[in-house]
Amino acid sequence: IMIRRGNFWLPVLMFSLTTGTFNGYGLTLDTIVTKSGISQSEAGYIGFAALLSCVPANLIIGGLGGAFPRHKKLMTIIFLGIGTTSMGLFVAELEDWLPRSMPLIWVTVIVGVMCLTGSAPLLFDMATESSHPVSEELSSTVMVLGNQLVSFIFIALIQIPHLVDEDHRDKLNYVLISSFLVAFLLSLFYRPDHSRMRLETEPITVDDLDFRSFMQVENAGYSLEVSCVSG
């Protein structure tokens, strides 16, 4: 049932393209930006600061998703849009399309990583809702596998001789921003599904109960409390 739902695969792809691509990019950040005149030492500090920023970003954005559960798509679009724009400015700095400014590089990387990886809690919730009544453990496992697969492909490309050698690793910047842009565009096509949230928050009456909904409740692992209404 989960495989046939195209709406489920949208957050899977969004999560894999953003977090998975950045995981692979971050491992080789020092060698990629060296050609742009940034030392490996400073690149390490930039990457370290960006990773630290993920912790409060995940907590804050995840909290917003819990506070406004019906607006997860809008929040995802906003954060992916800000993150993609920030990383686009970062790539523009590396490619000398903009006047070089190290403070701007620091800000764009940190803001970009905060928004892109901070969207992970929203994407996990969206995937769980879209795959309902399949257990959230299974949908989360698919999300993680997709993330690891994209990271593996990114790193594997670097290992292929003459494909992305030391002199052309800056081309991976285009791979990075292209992945983020595709993820942002995919977020526009996601259709929110609140059936799981309604099951958790709204009471179930006898009039609403049929065999199919009962099986969905049982498969989802919820306890069923039926309120009988006379009349």
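What you see is a predicted model, where local features need pLDDT of at least 70 and side-chain atom pairs count only at pLDDT 80 or more, while totals for chains, interfaces and linings use all residues. Residues are numbered from 1 along each chain as its sequence is written, and side-chain values use heavy atoms, with hydrogens and water left out.

Let's begin with the overall layout. The chain has 10 helices and two strands; helices (H or I, at least four residues) and strands (E, at least two) are DSSP runs, numbered from the N terminus. Reading from the N terminus, the order is α-α-α-α-α-α-α-α-α-β-α-β. Of the 231 residues, 42% are buried. Buried here means under 20% relative accessible area, exposed means over 50%, and partly exposed is in between, using a 1.4 Å probe and protein chains only. If you take the contacts in the chain with a separation of 6 or more, 75% of them involve residues 24 or more positions apart. A contact means heavy atoms within 4.5 Å.

Now for the helices themselves. Two packed helices are described by the angle between their axes and the distance between the axes. The axes are lines fitted to C-alpha atoms, for helices over the stretch in contact, and the angles run from 0 to 180 degrees between N-to-C directions.

The cut-offs are under 35 degrees for roughly parallel, over 145 for roughly antiparallel, 65 to 115 for roughly perpendicular, and oblique for the rest. The crossing of H4 and H8 is left-handed, a term for a near helix turned anticlockwise from the far one by less than a right angle, with clockwise being right-handed. On the H4 side, the residues that meet H8 include Lys73, Thr76, Ile77 and Leu80, and on the H8 side they include Asn173, Leu176, Phe180 and Ser187. Sorted by class, the residues of this contact between H4 and H8 are 11 nonpolar, six polar and one charged. In this scheme Ala, Val, Leu, Ile, Met, Phe, Trp, Tyr, Cys and Pro count as nonpolar, Asp, Glu, Lys and Arg as charged, and the others, Gly among them, as polar.

Stay with H8 for a moment. Its 16 residues reach 23 Å from first C-alpha to last, close to the 22 Å expected at 1.5 Å a residue; the expected span is 1.5 Å times one less than the number of residues. Among the buried residues of H8 are Leu172, Leu176, Phe180 and Ser187. The cover over the buried residues of H8 includes helix H1 (6-27), helix H2 (29-34), H4, helix H5 (102-118) and helix H7 (136-159).

Ser187 is buried, with a relative accessible area of 2%. Not counting residues up to four places away in sequence, Ser187 touches Met14, Lys73, Thr76, Ile77 and Leu80. Lys73 is 114 residues away from Ser187 in sequence, yet their C-alpha atoms are 7.2 Å apart.

H4 has other partners too. H1 and H4 pack at an angle of about 30°, with their axes 13 Å apart. That makes H1 roughly parallel to H4. Met14, Thr18 and Tyr25 of H1 make this contact with Thr76, Leu80, Phe90 and Leu94 of H4. By class, the residues where H1 meets H4 are five nonpolar, two polar and no charged.

With H6 (120-131), H4 packs at an angle of about 140°, the axes being 10 Å apart. That makes H4 oblique to H6. Here Lys72, Met75, Thr76 and Phe79 of H4 meet Leu122, Leu123, Asp125, Met126 and Glu129 of H6. The contact of H4 with H6 has five nonpolar, one polar and three charged residues.

Last comes H5. At 1.5 Å a residue its 17 residues should span 24 Å, and the end C-alpha atoms are 23 Å apart, which agrees. The buried residues of H5 pack against H1, H3, H4, H6 and H8. Over in helix H3 (residues 40-67) sits Ser53, which counts as buried at 9% relative accessibility. Leaving aside neighbours within four places in sequence, Ser53 is in contact with Ile110 and Met114.
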